[in-house]
Structures are given as structure tokens and as C-alpha cells.
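This report describes the fold of one chain and its contacts with a partner chain.

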Amino acid sequence: MLLKNTWNELVKILAKPRSYIGFGALTLLIGIILLAMKADGKSFISFVTASFEQTLSFNGEILNGNLMAFVILQMLIIHVPLLVALVTGDLVSGEAAMGTLRMMATKPISRSAILGSKLLAGAIYTFLLTLWMAFMAYGVGQWMFGVGDLIVLNSDGLVVLPADDIMWRYFYGFGLAFLSLLAVATMSICFSVFSDNSIGPIVSTMAVIILFTIIGSLDVASFVSIQPFLLTTHMASWRSLFEMPVPVDDILSSIYILLFHIIAFAGIAFWRFNKKDINT
Amino acid sequence: MIKAFLLTSILLGWNYIFAQDAQVLLRQVVDKIELVKDYSANVQITADIPLIKILPSKAKIYFKGPDKFKVVSKGIAILPKQGFTDMNLFLSKPDDYMVVFAGKKMIESVETTLLTVIANESDAEIILVKLWVDASRRLIMASEITTRSSGNVKIDYKYANNKSFDLPSRIKFTVDVKEFKMPKSFSTNPHKTNKSKVNKRKTGTIELLISNYKVNQGIANSFFVK
Amino acid sequence: MSSNVVSVKNLKKSFKGFEAVKDVSFTVQKNDVFGFLGPNGAGKSTSLRCMLSLIQADAGQIKLFDQDLQRNRSNVLSKIGSIIEKPDFYKYLSAFKNLELLARISGSSVSKSELYDILEFVGLQGREKHKFRTFSHGMKQRLGIAQALMHNPELIILDEPTTGLDPQGIVDIRNLILKLSKEQGKTVILSSHQLAEIELIANRMVIINKGKTIIEGSVNELLNSSNMVVKFQLDDTGRGEKLLAKDFGDIRKLNFSEDELTFEIEKMRIADVVECFVKNNLRIYSVEQKRKLEDYFIKMIEE
């Protein structure tokens, strides 16, 4: 019944016009970034290498597809959560508002299966969105700018990664990005269980992300102790894959924290949904 | 009185002779360098610069006298800004500088003569060049360039034997890096602190292993146009 | 095994301190067309939602097909088709697609041809591919009935199924319910404000008010055991009134005016009243029996 209803959920997601906003927005945004970099990417590179240019000269094709994918992923990873929440935040509360949750809940399918199928469908949607982002950023970027070494500005300094040592980093990087977005999706579905209207969970999800991002960037003593546990802190963990050497322990730690968030939000959602009175 | 006069004369004369010798030696070195009109070579670049992590990379370098230089690499290659053509260009204009002997030094069991080359113009980019020269082979074994904008660059040369033009097989640049500083806002690793990274090392090195020289092949000027 | 398809005992449910259902009990037997009556806010909807596990009761027991609802939820719900309040579907999907989605989780396999058949059965042939958002209220109601019936359930729970239907539609639903009960042996629970409909088709009923069961039983017995309400139109209502006061002083007056005499009297004595009027040369223009269930209902509520 879980798989049958997951199929139902996917049918519903694909039938809703708002599901395509994310794909359209990504296509437009990434397209604009790529075209802008094609037109004036050199000034961006100067910004990256500015600190060193008095003493050193950087030779070779710095402006390449690998750099494009990195720039795009870095720019969009804060904004893509909204595109995810737009769909996943509506999965339960939207149906409650429409009254269709009532219709579904009178069928011989358990509450856990209903919610499980929504979580699964939400995860698949998030995966497809991440895949599209990867295709546009990495695939189209490579097509427009070609391959080459990747120059990355980290807190440790400049890292230059050889071209043949990059693809696997992006593979895992997009994997980590998916995990971050999945945590956001699960959070929005959890909020959705507590609400009977469409907008509340979406706005709440974005408010949480913005708030945590701000807390994560403030150098205040009372915040510093909680920063390592915030979801938003680990949404940037994909960048660790572009360090030399790759801090595997740090990445694993981020994965565990993201998984913890996913499990916690899902657990709360299941608990609440199973006890919830469907009055709409 | 006469003794002082004689001593002074001898000293001045000695200095003049030495100055003349320094200029001659430098001229001989420069003449040897200018035998190479152009060259291309394969190079492996190993950089050890604070705040930069880069694996050894390969490139091809092209030079055409007096000051054309081009690097062609599949990947990203980091090279020092100073030390390739600027020194040669500076040394090729003897009217722009004066040169004096400044002592001797052993470098890898070779006795070298230290020539100090001082720019005449007070606003020249290159202020001072120190050259440790193997007088017998008329080869620069080491140099130190002091520039207005980029600080100091020290260069060590190694030469493989039996090369007709005596082009270096290894060049090691030591550059000043005390100005490098990473902005705080680029802290991206959630597991590290958010403090800005200040470079504690004052110098970094870039080592070039050069091979497969092709000299005086007649590289066109247009090749160097970007 | 009992013949009770539904057994609700001492059902209780509160929302934030407000007791919506205090003590509701009733049973529904196999093949019943069961009327579930009560004024607005009586707790009908809450009780039905508890029966369909949409909400969790605070106390009480609900058994369906002799199985405890909580412990055998999936098995029990697979035998039930229902419309609670208004039928809501996905606006952006077609009628057929909506049914297909719900059929997939209804616990029994329903083929595409069966879905087309059920749409034709409820009068929506030709509208299968139209989006739900284009449907009129009546069409939405028909689609709701279609989803309640598509998986051939044993028990059908209908909450105001004729709302928004035209007169022909109301008749169709009435006939459908009778057909489901008599020909297909299905059990139907019908919650409705159309008391005439209940009176015509229900064989058993329960009336609840303020969260409590008032009365339960066979419709005929409940109504026949009570007094009738009749309305007489006479040529001289003044004389008629005096005659009633003299010979039928124990009747309950409801409305004595220039145009009519409406009163409640035992069924057996109506003929006596007619005879009295005729003997006293009063011309009787009409004798009208008021809607029994309506009055019974109002009476029960007031008590």
C-alpha cells in the first residue's frame, strides 16, 4: 500500500503546476549565471585570485565548467531549499486544506503508510530537482566552458584541484547537497503535518533556514556552541569535498547530523500524524 | 699625508678596476644569455605557497627575447610574477644601472661572485638585483630581485651538464608572501572556526623542473599575443 | 457472530474542552438503511469521523463487522465506502484520475473499465477526462458517490448525499440506496437533514442531540407509537374548535387559526374527529397529515 500510494503522490506532484516552478527557476537562474560568466567571468576570477596577484600569476583555463558548477552550487544551495519547500511543505497541509486528506484517510491505508508515501515522494522530487541542478550546473557548464582544473577559495586559502580528480567530488558533492535538501524537505513535511493550510509550512521552513543561517554566521559566544548542530551549518558541507586533503571525518560528521535531522523530523511527523484528528 | 693620498688613490683605483671587472663580468653573462633568442621547454611546476594548495602541474613555457613569455598548460599553473623576463630586460640595458662586486660565496661547491646591480632611476620597478655568478662558466647560480610592488624574489638555478646554451634545468623561486590574507567571510567548513586565516610564513617557493628545450626555433611574435 | 454491522457504545469525544460527543450508542444491522439524525452541532459528523478513524475517540467502543476498529482498521475500512461532509477531490486532476488514485488504495483491485462503469452509473459519462475544478456541485456529489461505491463495499456511509442535487438526482439517489440495500444486500448509514427522504427509505434510525443518543429503533415503530399531527381545513373553524374542546379535550393544540386546525392526536382517533365534524354538519375541505418524522424529530429534540 505504501508503494501504491507513493505512486499516487508522484502523480499528484507531477500534475501540480507549482512542482515545475523549481525546475523552471533553476533553469533560468543557472542559465543567467552561465551566460553572465561567459560574458564577464574574468572579473570574477580576479576576485578569487586578487589576494595573490601581486606576487603570482595564474596561468591556464581557470574559467571552465568545473568552476561554473562550483559557483552555481555555492550560489544556489541557499535558495534551492525554498524551491523544495514549495512542494514538500504542501504535501500534507495542502491536502488538509483541500479536504482530500479526509478522503484518503477513510481508505484502508494506515496513517504511517500515507505519511511514509508522502515522505518518499517528497524525497524523489527533491532528488529530481538536485539531479536537474547537477545537470544544468555540471553538464551544461562543461558543455559551455569545457573542462579544466578547479580553483577554489576556501577558508584555508586557495585550492587548485586537477581536472581528472574532480568528477567524483561533484558526484559526492551533489549527493551531500541532496542530503541537505532532503533534510529541508523532511522538515517542511513535518511542519505540514501540524498545519491545515498550504502557506504556513512553506513560510515556516524558510524562516527556520534564514534564522539558522543568521545564527550560524554570527560570532557570538552563546551561538558558537550550537552552530555545529544546526542544519544550515551542514548544508555547506559539500564544500569540504573540494579541500585537499578531503576531511573525511568532518564530512561523515555532517552526514550524521543531517541524517539525525531527517530522522528526527520524520519521527515527529509520524508521531503527530498518527495521533492527528482529521477535522477538515 | 702622502701615505693617505697614496692609499686613497690605490683604493679608488682598485675600486675602479673592480667596478670595471664587475661590469665586464656582467656583460659576459648577459651576452651569453642573449645568445638565446627564443626557446620552448616542458616544465613541471611544484608550488609551496602558504594559503595555496596545488599539486605539481605540467606546462609548456615559451620565451622570446627580450621580454615575451607565455605559459601553455592544460591545467592551472602558478608562476611567480617576477623573475622570468623582467630581470633579463633590466640587465639588457646597461645604461639603466650600475654594478659592483659585493663578495664571493660558495653555492653547491661552486665559487660564485656576488654582483650587486643597482637601478639608476629612483622610480624603477626593479630597485636592486643581486647576482651570484659562476665566473668561469658565466652562469647565474642564484639571484635576488628587489621590486617596488612585489617585494623580494630569490631565484636558485641548477644547470644540467653538456647543454650548449647552458639553460637551467631547475629554477627555484622564493617569493615574499607576507601580504596574503584570506577574508573571514570565506569560512566554509562548519567544523573549523570562523576566524580569518593569517599567513604566518613569510615566504613561499615555486620550483620549476625544465626539460626538452628547443632553442632558437624562430617563434613568431604573434604567438605571444593574447 | 452478531448480525450487527456497526456497534457503537458510549462514544465520547472532546475538542479542547468542548464535549462534542458525550455518550452516543447505536447499532446498525446487516441490510439496514439506517438514518442518523440530529440537529446541527449534535455530534453526527464527529461520530461518523470516529467510526471511520478520522478522529480518535476519547472513550467508547466502535466495532465494525464484529471487529474492533482500532485493531483491524485496514480490514474494516476496506469494506466501507463513505462520503463525509462534501466530497473533496484533487481539482487539478480529471474525474477518472481522481477515482483511479483512490481505487489504488481502496484495498481491492478496481479495473479501469469498472471505474468507467461507475462513472456512467452516477451519471458522469462523458465527463471522465474533465478536471474536477470544472464540475458543478451536483457533479461533485455524484463523483463522491462513485468513489464510495467503486470498490463494492459492504457498508456505505453517506453524509448528506443529496445536497445540491436536482429533484431527479434526489430520486435517483433514493432509488440507488434502496437498490443497494434490497438487491445487493448492502448496509447503508444515511445522515441527512432531508427528513422526508429518511422517512421514505430508512428502516432504522437513531436521533442524537447535544452529543447524546436520544432514541434508537425501527422507524415505523417509533413513528407509529406516537401521536399523529393532523391539519383540518373547515368551512367554520370556530365551530370546529368548540367541538374539539368539548369531545376531544385531551388533544394537543398546535395551531388553531381562521384557516386551519392543527393538532396532535392518537392515530386511532382521527376517524372519530372526522365523524364528529360530519355529524355536526361541518364541511371538511381537507385533512392533511403533517410530516411525521419532522415533528417527531423536533419533539425529540425539544424533550
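The sections below cover the model, the overall fold and the interface.

## Basis of the description

This is a predicted model, in which local features need pLDDT of at least 70, side-chain atom pairs count only at pLDDT 80 or more, and totals for chains, interfaces and linings use all residues. Residues are numbered from 1 along each chain as its sequence is written, while chains are lettered from A and ligands numbered from 1 in the order in which they are written.

## Overall fold

Chain A contains 11 helices and 3 strands (DSSP runs numbered from the N terminus: helices are H or I of at least four residues, strands E of at least two). The order from the N terminus is α-α-β-α-α-α-α-α-β-β-α-α-α-α.

The C-alpha trace spans about 70 × 45 × 25 Å along its principal axes.

Buried residues make up 49% of the 280 in chain A (20 or more other C-beta atoms within 10 Å of the residue's own, with C-beta atoms placed from the backbone).

## Interface with chain B

Contacts (C-beta atoms, placed from the backbone, within 7 Å) link 36 residues of chain A with 33 residues of chain B. On the chain A side, β1 (56-59), β2 (150-154), β3 (157-161) and α11 (248-275) each give two or more residues.

β3(A) pairs in the parallel sense with strand β2 (residues 52-54) of chain B over 3 bridges (pairing requires at least two DSSP bridges). Within this pairing, Val159(A) stands opposite Lys53(B).

Key. A residue is buried if 20 or more other C-beta atoms lie within 10 Å of its own, exposed if 12 or fewer, and partly exposed in between; C-beta atoms are placed from the backbone. Two residues are in contact if their C-beta atoms, placed from the backbone, lie within 7 Å.
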